[in-house]
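Student: I'm new to this one, could you walk me through it?
Tutor: Gladly, let's bring it up and begin with a single residue.

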Amino acid sequence: MTKKRKMIMDNTETANIRLLQNAKEIMDFDASELDVYARLTEAQLLNKDHPEKGLFIAESPKVIIRALDGGYELVSVLVEKKQVLEDAETIAVLGKCGNVPVYTAEFEVLTKLTGFKLTRGMLCAMKRRRLP
């Protein structure tokens, strides 16, 4: 391994540790932090009475990056703990998330939440734009 490659790997490992230290681990499916991801209906997320408070859920690092590049505002991120440690694309997205809450959970909790394996282990609650 070259010295440059080792330095990059060391920096990535340090960034992963920092991300995990600032993240809140969700151990229980009933945690209130999961409400936006698990218990709100599409109608509640849309929030027709107060559209300025409307939300949507983006899934996968690629979709989240496109939404961020499109100017959408993050509310929170839910990511499989393993992805924070191993997936470069997920780590890059988390690096763009600023100070929004980041929640991590083990695969079993996330599967219970969605009923299926998440695309790349990442969900993000984002604010909807005002409709014209």
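Tutor: Let's start at Glu-80, which lies in strand β3, where strands (E, at least two residues) and helices (H or I, at least four) are DSSP runs numbered from the N terminus. Please keep in mind that this is a predicted model, in which local features need pLDDT of at least 70 and side-chain atom pairs count only at pLDDT 80 or more, while totals for chains, interfaces and linings use all residues. Residues are numbered from 1 along each chain as its sequence is written, and side-chain values use heavy atoms, with hydrogens and water left out.

Student: Is Glu-80 buried or exposed?
Tutor: Glu-80 is buried, a word that here stands for under 20% relative accessible area with a 1.4 Å probe and protein chains only, whereas exposed is over 50% and partly exposed is in between.

Student: And which side chain of opposite charge is nearest to Glu-80?
Tutor: That is Lys-82, 5.4 Å away, and Glu-80 has no salt bridge, a term for a side-chain nitrogen of Lys or Arg within 4 Å of a carboxyl oxygen of Asp or Glu. Lys and Arg count as positive and Asp and Glu as negative, with His and the chain ends not counted.

Student: What is Glu-80 in contact with, then?
Tutor: Leaving aside neighbours within four places in sequence, Glu-80 is in contact with Ala-105, Phe-107, Leu-110 and Gly-121, contact being heavy atoms within 4.5 Å.

Student: Switching topic, how many disulfides are there?
Tutor: The count is zero, a disulfide being a pair of cysteine sulfur atoms within 2.5 Å.

Student: Which residues touch the most other members of the largest nonpolar core?
Tutor: Leu-74, Val-77 and Met-126 do, in a core of 18 residues, where a nonpolar core is a set of buried Ala, Val, Leu, Ile, Met, Phe, Trp, Tyr and Cys residues joined through side-chain atoms within 4.5 Å. At least two residues of this core come from each of β2 (55-59), α4 (61-69), β3 (74-80), α6 (88-95) and β5 (122-127).

Student: How many helices and strands does the whole chain have?
Tutor: The protein chain has seven helices and five strands, and buried residues make up 35% of its 132 residues.
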